[in-house]
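Hi there,

Here is the structure I promised to pass on. Please have a look at it first, and then read on for my notes.

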Amino acid sequence: MLNILKKFIAILIVGLLIFPAEPTQTEAASTTLSKTVEYFIGQESAVKGSGEYVNFPLFTINIPESSLAIKSAIIEVSGVSYNDIGNQTITIDLERNNDAAGAVPAYAIDHALAVAAKPKSFKLQYDALDDALKSGAGPMSDIIVSGMPYTYALYVKNTVSAGLVSFSIASAKLILTYNSSSSGANFLKETKIFIVQEKNSKASGDEVLKDFTLTISEQLPEIVSVFIEISGVAKGNAANGAIDAKLARKNPALDPGYTSYTLDLNSSFCGASCSTSFLVRYDASGAVLPSDFPGSEDYTFYVKGTGFSVDLWSAKLIITYKYSKIIGGLPAKGELISSTFDTGAVLGAAYNSLMWKGNFNGGFTGQVSLQIAASNSITGPWFFEGPDCTTGTRYIADADTPIPIETDCALSHNNKRYFRYKVIICSNIDCLTNGSINPQVDEVVVNWSP
């Protein structure tokens with residue numbers, strides 16, 4: 001039974017994926033890009049006592065754009081503090097580690113927080129460059145320079161002169177705004193994705209989960225930072241409760257397990273029930289793989305509170321990545337994933353062959369290849385595989401040539417009702433370097449039987 005299930009035109013030059021257009025020489029000389037990007041610095045999982053520093057992991061600022069002009073570099077520090085009497089002080093110390101120039105002298109800003117026997121969330125922002133310059137660090141160009149990967153260390157502590165104090169879920173990010181020339185070849189880009197806002201109150205242990213898709217269109221992206229900002233209002237009196245979060249990649253499945261961040265709603269500070277807003281920055285770099293892009297990947301985000309209830313769960317993903325502008329030739333590769341097709345075979349179908357129709361538009365040094373994924377659920381999971389039953393291979397043949405689907409992949413393909421396919425179009429035979437051939441796929445044919 002032959003089923004022609006999907007028709008589309010996929011010409012690399014206009015894009016299976018949307019690639020940025022190249023500016024003309026005149027435009028490049030006169031155009032300035034103004035942008036803001038965010039870097040994940042760290043999230044502390046343990047509760048800290050008075051005078052105890054949070055030593056965030058070393059982080060690197062490396063901006064690839066040319067003609068750099070830094071406008072603002074803000075570090076945002078947040079957390080929840082606890083004190084049974086009086087005020088407390090948050091001290092922030094940022095140092096640059098660079099053997100050639102020497103370390104920038106330490107500097108600190110003190111913030112008094114009035115806390116009346118209850119937890120209190122805080123979010124502090126300060127201009128890192130401005131404060132570093134005031135402490136004698138030298139000209140701005142010594143702090144952040146395009147193409148110069150300086151490494152920094154951030155330390156935060158909470159102190160109080162009387163009574164008890166502790167603080168938890170301390171986190172930090174860098175917000176960097178700058179101007180650069182659009183004539184360069186390397187650029188940074190930031191993308192923010194709304195994941196979920198839960199309107200109902202969730203009891204201790206109640207899980208909030210949400211599926212979402214991340215798309216990156218640029219070729220060979222280099223991920224600089226990827227994290228999920230999670231916020232809400234915690235209510236209860238649990239000592240050493242926790243915010244638990246994880247991001248699971250779906251195709252193929254990759255579940256890292258929960259990461260826990262202690263939130264101590266100790267009833268000794270506020271009686272039978274405490275209430276405080278919180279902000280957690282969950283490091284999602286282990287789940288977002290650069291090799292997945294360009295293209296789209298599906299994920300499931302999970303979050304829950306343990307030991308207390310949570311109102312107004314909210315989460316968004318923030319990813320910053322480096323990419324290179326295509327110079328000389330067409331993009332190396334473009335991909336398209338089809339929508340989901342229903343064979344109607346309740347007991348599942350057997351997938352026999354794939355075929356594409358179109359042409360190479362001027363030569364045979366380009367390449368067109370296919371992968372197929374099948375599932376018994378309309379929502380997947382989807383594992384796009386080739387002839388060796390893995391995601392690392394593809395079915396390759398000339399146009400109008402049926403390609404038998406490997407029958408040894410029965411566990412992946414056969415007896416499953418729903419399927420998708422992926423088309424990969426390459427301008428060069430190696431699918432790695434920019435080429436001059438612009439393949440055109442007009443039609444994909446999937447042969448299956450009940």
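Predicted model: local features only at pLDDT ≥ 70, side-chain atom pairs only at ≥ 80, totals over all residues.

Residues are numbered from 1 along each chain as its sequence is written, and side-chain values use heavy atoms, with hydrogens and water left out.

Helices (H or I, at least four residues) and strands (E, at least two) are DSSP runs, numbered from the N terminus. A residue is called buried under 20% relative accessible area, exposed over 50%, and partly exposed in between (1.4 Å probe, protein chains only). Strand β28 covers residues 440-449, and eight of its 10 residues are buried, so the strand is largely enclosed by the rest of the structure. Strand β23 (residues 350-359) runs antiparallel to β28, with nine bridges joining them; two strands pair if DSSP finds at least two bridges between them. If you want a place to start looking, Trp356 has Val444 in β28 as its bridge partner.

**The largest pocket**

A quick word on the method. On a 1 Å grid over the protein atoms alone, a pocket is an open set of points with protein on both sides within 12 Å along at least five of seven lines, whereas a cavity is a set of points where a 1.4 Å probe fits but cannot get out; lining residues have an atom within 4 Å of a point. Grid points are joined across faces, edges and corners, and a volume is the space filled by probe spheres set on the points.

The largest pocket holds about 540 Å³ of space. Its lining has 25 residues, and those closest to the centre are Asp292, Glu297, Glu335, Gln371 and Lys422. Strands β19 (295-306), β21 (333-337) and β27 (418-426) are the elements that give two or more residues to this lining. By type, the lining divides into nine charged, eight polar and eight nonpolar residues. Here Asp, Glu, Lys and Arg count as charged, Ala, Val, Leu, Ile, Met, Phe, Trp, Tyr, Cys and Pro as nonpolar, and the others, Gly among them, as polar.

**Salt bridges**

With a salt bridge taken as a side-chain nitrogen of Lys or Arg within 4 Å of a carboxyl oxygen of Asp or Glu, the structure holds 17. Three of them are worth a look.

- Arg281 and Glu229 meet at 3.0 Å, N to O. Arg281 lies in strand β18 (residues 274-283) and Glu229 in strand β14 (residues 222-236), so the pair ties together parts that are 52 residues apart in sequence. Arg281 is buried at 0% relative accessible area, and Glu229 is buried as well, at 9%.
- Lys235 pairs with Asp311, their closest N and O atoms being 2.8 Å apart. This pair links strand β14 to strand β20 (residues 309-324), 76 residues apart. Lys235 is partly exposed at 33%, while Asp311 counts as buried at 18%.
- Lys250 pairs with Asp211, with the closest N and O atoms 3.5 Å apart. Lys250 sits in strand β15 (residues 241-250) and Asp211 in strand β13 (residues 208-216), 39 residues apart. Asp211 is partly exposed, at 42%.

Arg281 and Glu229 also belong to a network of salt bridges, together with Glu38, Glu76, Lys173, Lys192 and Lys316.

**The disulfide**

Counting cysteine sulfur atoms within 2.5 Å of each other as a disulfide, there is one. This disulfide joins Cys426 to Cys431, at 2.0 Å from S to S. The torsion about the S-S bond is about 100°, so the disulfide is right-handed. Both cysteines, Cys426 and Cys431, are buried.

**Backbone details**

Most residues other than glycine have a negative phi, and most peptide bonds are trans. With that in mind, here are some spots to check.

- Phe293 and Pro294 are joined by a cis peptide bond, with omega about 10°; Pro294 is in the loop between β18 and β19.
- Gly380 and Pro381 are also joined by a cis peptide bond, with omega about 15°; Pro381 is in the loop between β24 (367-375) and β25 (395-396).
- Ile169 has a positive phi, near 40°. Ile169 lies in strand β11 (residues 165-181) and is buried, at 0% relative accessibility.
- Leu312, in strand β20, has a positive phi near 60°.
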